[in-house]
Amino acid sequence: NEYKSYLSYHSRSRIFAAFKNILETPRDIMASHTDVGSHMSSPMAFIFVFNLLLGAGALALPDAFSQAGYLSSTILLTILCFASFVTASFMCEGMAIANVLTKLSCPKKNDGPNSSAVSETDPLVNDSANYTESLQISQSQMSLGGSRYSFRINRRIEMAEMAEIFFNKVGVILFYIVVIIYLYGDLAIYTAAVPKSIANVTCHKDLFHKNEKMCWDGLSYNAAYSIYVIVYVAAIGSFVFFNAQKTSLLQITSSVLRHTSFFMMIVIALIRISGKKDIPKSSDIATFNFKKIPDFIGVSVYCFMCQHSLPSFITPMKRQSRATLVLFLALVACLAIYLLVCYTATFAFNDIVDVYTLNFAEYHVVPIRYFLQLYPVFCLSASYPIIGITLRNNLKTLFSKGEYPWVIDRIVFPLITVIPPTIIGLCTENVEVLVTYTGAFSGTAIQYIIPASFVLLGRRKIEEMFGREASTINKNHSIFRSNIWPVLLLVWSGLCMGFVIYYKISEAIHKT
């Protein structure tokens with residue numbers, strides 16, 4: 001009965017159908033290319049993960065890096081990159097365990113290549129009494145690497161389904177809440193970043209000395225920004241009322257623009273440093289700034305977010321044993337790019353804007369200037385409808401498991417999805433603050449706490465059912481085999497969130 005209660009998640013097909021695309025965040029450019037039946041080489045998997053990591057969150061990183069001090073920021077960024085690698089390996093192990101448990105709950109249904117599909121006609125509650133019999137698997141059967149109960153990841157199981165497997169009802173609800181907060185934070189970031197970029201191009205605000213300049217017909221920068229927020233949400237947010245899907249062309253275009261813009265920013269900053277004109281003095285560049293570390297932690301956590309999308313590329317990999325190496329190389333490559341962007345920005349500009357592309361507002365080559373300033377407009381606008389639809393579906397499933405009237409389903413929930421981020425965007429244009437809070441809390445939970453919990457609970461369940469021999473059979477077992485590692489990550493996560501909360505409260509008290 002104990003195992004029946006958590007394995008019976010598979011019968012809740014309506015929940016899984018609603019959450020089929022959960023956590024396919026704006027940086028997830030892989031889902032449309034990684035069907036369960038397809039195969040992916042290790043180099044292609046590396047490219048996908050690298051593109052996933054090098055997302056829009058990096059635009060807020062140079063400012064936070066410079067303010068926290070380049071030496072302390074380098075150390076912290078490296079530690080956070082390593083922590084992300086550890087939890088990514090935990091996700092691989094958790095998916096392998098979840099595949100075994102899924103096969104045990106319904107062996108025939110999950111053996112085929114298209115086993116990720118969930119039928120809408122399946123009953124919400126499975127009354128079958130065959131679970132206990134299906135769990136009577138001997139250790140000798142388990143030790144057969146070629147058996148149907150081997151730990152190969154044959155079925156793509158997203159984080160939402162893993163939560164249904166490993167967590168109890170309270171844990172599942174908390175998981176959904178964390179995801180919803182994270183998605184709201186993402187939408188708020190987009191709602192502020194895009195109008196801010198457009199307003200900067202049209203109004204030419206002095207971003208460094210905070211001087212207001214009029215846009216047209218006596219309209220101030222702040223008024224123009226608010227208008228852009230409303231127009232942007234009305235235009236792009238309208239897609240949340242429908243079921244728009246990602247297209248390969250859109251995501252490939254976004255990826256090309258992303259890499260081109262980062263390359264341009266690095267080259268221009270290097271040219272500026274070599275010219276030694278209007279660059280900061282060595283004495284003005286911070287090495288350590290303890291007070292700004294909480295902001296940097298939140299931004300950095302957001303930049304290394306990849307755990308939510310790992311099922312999309314690990315499942316179809318031809319050689320899943322290389323998944324750990326692929327993750328390691330992708331994270332190290334991304335860390336190198338982040339450090340290169342941040343160091344060139346720190347030593348090239350006296351002041352860095354919270355959306356780094358705006359630092360090139362005065363670049364003398366006009367086409368490049370406008371391309372960099374408008375980069376967030378194109379890339380983030382392509383992602384807003386996807387994450388908005390995902391958030392809408394999350395809200396619908398969290399509040400109820402049944403069907404909704406048309407008005408509530410098509411009008412009320414989309415409005416609940418777009419209105420809160422719009423209000424936040426109207427209240428502040430500070431993208432760094434939004435990224436900090438999103439990354440420091442919900443981002444930390446998704447990146448560290450949830451994967452560590454998955455692997456702790458998964459290992460315990462497998463050992464209870466098959467003994468300690470099961471862990472030696474799992475080829476997708478994390479290289480961090482000791483349970484000390486997930487415990488350390490849970491402690492680390494608590495310290496990071498507590499650190500941010502303490503300094504934010506202290507900062508608020510000092511201001512009053």
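Among contacts (heavy atoms within 4.5 Å) in the protein chain between residues at least 6 apart in sequence, 86% join residues at least 24 apart. This is a predicted model, in which local features need pLDDT of at least 70 and side-chain atom pairs count only at pLDDT 80 or more, while totals for chains, interfaces and linings use all residues. Residues are numbered from 1 along each chain as its sequence is written, and side-chain values use heavy atoms, with hydrogens and water left out.

The protein chain has 19 helices and zero strands, as DSSP runs numbered from the N terminus (helices are H or I, at least four residues; strands are E, at least two). Of its 512 residues, 55% count as buried, meaning under 20% relative accessible area, whereas exposed means over 50% and partly exposed in between (1.4 Å probe, protein chains only).

Now look at helix α17 (residues 431–466), where S442 lies. S442 is buried, with a relative accessible area of 5%. Its side chain reaches the backbone oxygen of T438 at 2.9 Å. Leaving aside neighbours within four places in sequence, S442 is in contact with V178, I181, Y182 and Y437.

Helix α16 (residues 406–427) holds L415, which is partly exposed at 35% relative accessible area.

Finally, helix α19 (residues 484–511) has 28 residues and reaches 40 Å from its first C-alpha to its last, close to the 40 Å expected at 1.5 Å a residue (1.5 Å times one less than the number of residues). Buried residues of α19 include L489, C496 and V500.

Notes. A polar contact is a pair of N or O atoms within 3.5 Å; within protein, one must be able to donate a hydrogen and the other to accept it, and residues adjacent in sequence count only if both atoms are side-chain atoms.
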